[in-house]
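Here are my notes for you to read alongside the structure. Take them in order and keep the 3D view open as you go.

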There are 2 protein chains.
Amino acid sequence: MVKAKKFILVKTSEDLPKPSDFKLVEEELPALKDNEFLVQAEFLSVDPYMRGYMPQIPINSTMVGTQVSRIIESKNPNFPVGKYVVGSFGWTTHTVATSKLTDEFGLELSLLPDIGNLPKSLGIGVLGMPGNTAYFGFLEICQPKAGETVVVTGAGGAVGSIVGQIAKIKGCNVIGIAGSDEKGKWLTQKLGFDHFINYKTQNVEEELKKLAPQGIDCYFDNVGGEVSTVIFNQMKIFGRVSICGYVSGYNDRTPQKVTTIHHAIIVKQLKVEGFIVSRWNDKISESISQNLEWIQQGKLKYRETVTEGFENTVNAFVDMLKGRNIGKAIVKV
Amino acid sequence: MVKAKKFILVKTSEDLPKPSDFKLVEEELPALKDNEFLVQAEFLSVDPYMRGYMPQIPINSTMVGTQVSRIIESKNPNFPVGKYVVGSFGWTTHTVATSKLTDEFGLELSLLPDIGNLPKSLGIGVLGMPGNTAYFGFLEICQPKAGETVVVTGAGGAVGSIVGQIAKIKGCNVIGIAGSDEKGKWLTQKLGFDHFINYKTQNVEEELKKLAPQGIDCYFDNVGGEVSTVIFNQMKIFGRVSICGYVSGYNDRTPQKVTTIHHAIIVKQLKVEGFIVSRWNDKISESISQNLEWIQQGKLKYRETVTEGFENTVNAFVDMLKGRNIGKAIVKV
């Protein structure tokens with residue numbers, strides 16, 4: 001008999017989530033039926049989108065999220081003991097799983113692909129959902145060309161840091177925007193971003209006018225809010241915007257009012273598109289194998305901010321929402 | 001020696017334009033040089049976009065706008081006396097013109113195409129810029145399919161009323177939104193719109209939920225503002241939005257704050273694109289000949305709200321901005 005620990009959501013706060021919004025409970029898992037397998041979480045993912053989704057999670061149900069977990073018992077020959085899976089099991093240490101699991105965002109359970117000696121945690125990072133989000137969300141929607149100027153917000157995070165590096169691989173001029181100079185140093189000195197703007201201490205509009213006097217061709221938008229409006233207003237004619245997230249608004253119960261982007265969209269004739277990464281499920285292996293190749297070639301770097309201990313998951317989540325992580329925020333169970 | 005009357009802009013007000021923002025002046029025109037021709041305005045166009053552009057017009061220069069005018073003197077064999085041209089000469093009765101004139105929006109001077117016995121004023125209406133805007137802006141960006149649900153705001157105006165009819169021709173279910181029941185009657189009883197919502201007296205969100213419970217496939221956006229946010233939130237997954245104008249904001253000196261559309265763009269994975277019609281200059285004859293054919297077949301109807309007298313141009317402009325016109329607002333000089 002296996003006992004799973006899990007965090008259930010007991011309340012959704014107006015502002016940043018609080019430890020008291022969650023409750024750690026234990027649950028006895030049933031014995032496996034045919035085709036089921038038991039997994040034990042090794043790494044949990046904490047991502048910005050989870051905050052936006054919280055109001056839709058029924059009270060007293062398990063908090064959502066993906067994890068890398070090891071199969072420790074199995075009645076399914078395709079999912080043998082010892083193999084690893086990436087699945088949206090939520091914030092739980094153990095799960096009785098079946099091979100068919102598609103989460104609320106269309107993400108499907110999968111075996112962790114063969115990534116050689118690289119850390120298995122990359123299955124929820126650069127070689128998983130965030131990496132796929134960056135790869136398809138940027139390349140398919142922004143259609144960047146060599147020599148173009150690309151702006152990325154949330155540049156210090158799991159997705160933004162990869163988008164900027166892919167843009168560099170494609171020969172673009174890359175400006176990253178994030179909220180700490182420590183992130184800025186990492187982006188420009190380690191990842192090869194051309195420029196960095198700290199939106200908390202600098203005037204984004206003035207900096208962009210200096211760094212991109214001809215305007216911006218592509219904008220990968222993780223944040224929404226007033227910063228995004230400023231960037232929309234600095235786009236070139238026929239610029240492309242990929243909207244991945246709006247972390248500036250995830251804590252608002254009432255949607256925020258923001259200076260309109262309509263004027264920029266019309267006069268710059270912008271193409272703006274939002275996406276959820278599962279729309280590319282049928283070719284997800286393209287992204288994983290390309291990102292893996294770029295890592296092996298030294299062209300794509302990753303960094304993880306690791307919180308130790310399942311019981312600290314809420315803290316890891318809140319720290320990530322406060323922007324304290326650099327690169328991918330994960331919990332080592 | 002010909003004297004031109006013209007309206008120059010002397011001030012830009014915060015709210016609706018006022019008669020005192022303009023001054024009627026007279027100007028003696030010079031004699032024609034080689035390749036020039038003299039035109040006399042017969043119909044002036046007053047359009048919403050002019051309000052948005054006013055802050056960029058230098059004080060004491062002629063107010064912008066297109067007109068249908070007759071060639072009354074010519075030293076250019078390609079533009080003989082008696083022919084008609086459509087040109088962005090501004091609010092003026094007479095102009096010395098050359099064949100090369102491209103306005104601030106990229107619209108080029110052209111001879112009025114052969115439209116048979118139809119009124120020449122259509123050259124600034126359904127067979128001119130507004131008709132081309134509706135045709136390309138809707139078909140190219142929204143890519144509508146038969147059976148889909150289309151919402152049009154500013155539906156009682158020159159562009160919106162044509163968009164809705166083209167959507168009907170393409171087999172769509174069409175919901176028009178405008179600000180008077182008189183417009184609503186015209187749209188549903190004369191033009192074949194399926195439904196009408198009066199945004200001034202009805203709750204747009206509730207009405208849309210009733211009229212399009214499965215959501216909206218295509219939205220042709222003339223207005224921006226809170227009404228547009230409500231519509232964005234009712235779109236279907238993979239919906240398409242063509243942003244043509246934001247008449248709700250044209251009077252604001254400081255851009256308005258509007259409830260964010262980021263959330264809808266992401267979770268509905270919307271494609272949103274803004275445009276200026278001159279991007280399709282190279283195939284503008286396609287639109288004019290198709291709209292003309294639909295008129296001749298009785299499939300496309302037009303209506304004009306005509307103000308008589310050049311001196312009443314400002315009133316015609318303000319009335320149009322107040323939404324008092326039905327169909328195309330023009331001035332008969």
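1. A word to learn before anything else: two strands count as paired if DSSP finds at least two bridges between them. With that in hand, look at Glu273(A), whose bridge partner in β14(B) is Lys271(B). Do keep in mind that this is a predicted model.

2. Now for the pairing that this bridge belongs to. Three bridges join β14(A) to strand β14 (residues 271–274) of chain B, and the two run antiparallel. As a general point, strands of a sheet pair through backbone hydrogen bonds, either parallel or antiparallel.

3. Twelve strands make up an open sheet with mixed pairing, in the order β10(A)-β9(A)-β8(A)-β11(A)-β12(A)-β14(A)-β14(B)-β12(B)-β11(B)-β8(B)-β9(B)-β10(B). Which strands are the edge strands? They are β10 (195–198) of chain A and β10 (195–198) of chain B, each of which pairs on one side only. On average, neighbouring strands of this sheet are turned by 15 degrees against each other, direction ignored.

4. Check the chain B end of that sheet. Strand β9 (residues 173–178) of chain B runs parallel to β10(B), and four bridges join them. Gly176(B), for one, has Phe196(B) as its bridge partner in β10(B). Also have a look at helix α2 (residues 129–142) of chain B, which lies across β11 (216–221), β12 (235–243) and β14 of chain B. This helix runs at about 150 degrees to β12(B).

5. Next, how do the two chains relate? Chain A can be laid on chain B by a turn of 180 degrees and a shift of 0.0 Å along the axis, with an RMSD of 0.0 Å. The two copies are therefore related as by a two-fold rotation axis. The same surface serves both copies, as 100% of the contact residues of chain A recur in chain B.

6. How many residues does each chain bring to the contact? Chain A gives 25 residues and chain B gives 25 residues. On the side of chain A that touches chain B, the elements giving two or more residues are β13 (257–259), α7 (262–267) and β14 (271–274) of chain A. The residues on that side divide into ten nonpolar, ten polar and five charged.

7. Step back to chain A as a whole. Nine helices and 16 strands are found in chain A. Its radius of gyration is 20 Å, close to the 20 Å that the globule rule gives for 333 residues, so chain A is as compact as a globular protein of that length. The C-alpha trace of chain A spans about 65 × 45 × 35 Å along its principal axes, and 49% of the 333 residues count as buried.

8. Strand β4 (residues 67–74) of chain A pairs with strand β5 (residues 84–87) of chain A in the antiparallel sense over four bridges, and Arg70(A) stands opposite Tyr84(A) in β5(A). β5(A) also pairs in the antiparallel sense with strand β7 (residues 110–111) of chain A, over two bridges. There, Val86(A) has Ser110(A) as its bridge partner.

9. Finally, is Lys328(B) buried or exposed? Lys328(B) counts as buried because there are 28 C-beta neighbours inside 10 Å, and 20 or more are needed. Lys328(B) sits in strand β16 (residues 328–332) of chain B. Among the residues that Lys328(B) touches are Pro130(B) and Tyr302(B). The C-alpha atoms of Lys328(B) and Tyr302(B) are separated by 7.8 Å, though the two are 26 residues apart along the chain.

Notes:
Residues numbered from 1 in each chain as written. Chains lettered and ligands numbered in written order. Predicted model: local features only at pLDDT ≥ 70, side-chain atom pairs only at ≥ 80, totals over all residues. Rg over C-alpha atoms; globule rule 2.2 N^0.38 Å. Buried ≥ 20, exposed ≤ 12 C-beta atoms within 10 Å, placed from the backbone. Least-squares fit on C-alpha atoms with pLDDT ≥ 70 in both. Contact = placed C-beta atoms within 7 Å. Nonpolar A, V, L, I, M, F, W, Y, C, P; charged D, E, K, R; others polar. Axes fitted to C-alpha atoms, helices over the stretch in contact; angles between N-to-C directions. Lists of a residue's contacts leave out its neighbours within four places in sequence.
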